[in-house]
Amino acid sequence: MDNYAVIGKPIHHSMSPFLHNAHFDQQNDAAYYTAYEVDLSELEQTVAAFKTLKVRGWNVTVPHKIAIMPFFRRVE
């Protein structure tokens, strides 16, 4: 099963998991989307963990949009 995520702080208000999981269900995709509250000090460890766990993709919301960029070779 493919895993996708959104990270930020705060993240409890995010509708992304609801919207993406509804889409996955409608398309019968073997995937799920989860929200993770991540402190600024945890960004590097979170990126490493997502890579290790083979998270297929993730979105980054405020306040981490700029701070996360050094942890990637390429941003799309």
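A residue is called buried under 20% relative accessible area, exposed over 50%, and partly exposed in between, with a 1.4 Å probe and protein chains only. By this scale Phe72, at 25% relative accessibility, counts as partly exposed. The structure is a predicted model, in which local features need pLDDT of at least 70 and side-chain atom pairs count only at pLDDT 80 or more, while totals for chains, interfaces and linings use all residues. Residues are numbered from 1 along each chain as its sequence is written, and side-chain values use heavy atoms, with hydrogens and water left out.

The description begins with the strands. Helices (H or I, at least four residues) and strands (E, at least two) are DSSP runs, numbered from the N terminus. Strand S1 covers residues 2–8, and 5 of its 7 residues are buried, so that S1 is mostly covered. Two strands are taken to pair if DSSP finds at least two bridges between them. S1 runs parallel to S2, to which 7 bridges join it, and S1 also pairs with S3 in the parallel sense, over 4 bridges. Ile7 illustrates both pairings: its bridge partner in S2 is Tyr36, and its bridge partner in S3 is Val60. S1, H1 and S2 make a right-handed β-α-β unit; a crossover is right-handed if, with the strands pointing away from the viewer, the path from the first strand over the helix to the second runs clockwise.

Another residue of strand S1 is Asn3, which counts as buried at 10% relative accessibility. Contact here means heavy atoms within 4.5 Å. Leaving aside neighbours within four places in sequence, Asn3 is in contact with Tyr32, Thr34, Tyr36, Val55, Arg56 and Gly57.

In general, nonpolar side chains tend to be buried together in soluble globular proteins. A nonpolar core is defined as a set of buried Ala, Val, Leu, Ile, Met, Phe, Trp, Tyr and Cys residues joined through side-chain atoms within 4.5 Å. The largest such core has 9 residues in all: Ala5, Ile7, Val38, Leu43, Val47, Phe50, Val55, Val60 and Ile68. S1 and H2 each supply at least two residues of this core, and H2 gives the most, with 3 residues. A second, separate core of 5 residues includes Val6, Ile11, Phe24 and Tyr33. Returning to the largest core, its member Val38 is in contact with Ile7, Gly8, Lys9, Leu43, Thr46 and His64, when neighbours within four places in sequence are left aside.

Aromatic side chains form a further set of contacts. A pair of aromatic rings is described by the distance of the centres and the angle of the planes. Rings of Phe, Tyr and Trp (its six-membered ring) pair if their centres lie within 6.5 Å; planes under 30 degrees apart count as stacked, over 60 as edge-to-face and the rest as tilted. A search of the whole structure finds 4 aromatic pairs. In one of these, the ring centres of Trp58 and Phe72 are 5.8 Å apart and the planes stand at 45°, so the pair is tilted. Trp58 lies in strand S3 and Phe72 in the segment after S3, so this pair ties together parts that are 14 residues apart in sequence. Trp58 counts as partly exposed, at 21% relative accessibility. Tyr36, Phe50, Trp58 and Phe72 form one aromatic cluster. Pro70 also lies in the segment after S3, and counts as exposed at 66% relative accessibility. The C-alpha atoms of Pro70 and Glu44 are separated by 9.2 Å, the two residues being 26 residues apart along the chain.

Charged side chains complete the account. The structure holds 2 salt bridges, a salt bridge being a side-chain nitrogen of Lys or Arg within 4 Å of a carboxyl oxygen of Asp or Glu. Asp2 forms one with Arg56, the closest N and O atoms being 3.8 Å apart. This pair links distant parts of the chain, 54 residues apart: Asp2 is in strand S1, and Arg56 in the loop between helix H2 (43–52) and strand S3 (57–60). Asp2 is partly exposed, with a relative accessible area of 31%, whereas Arg56 counts as exposed at 57%. The side chains of Lys9 and Asp39 also meet in a salt bridge, at 2.3 Å from N to O. Lys9 lies in the loop between S1 and helix H1 (16–27) and Asp39 in the loop between strand S2 (31–37) and H2, so the pair ties together parts that are 30 residues apart in sequence. Lys9 is partly exposed at 36% relative accessibility, and Asp39 is partly exposed with a relative accessible area of 28%.
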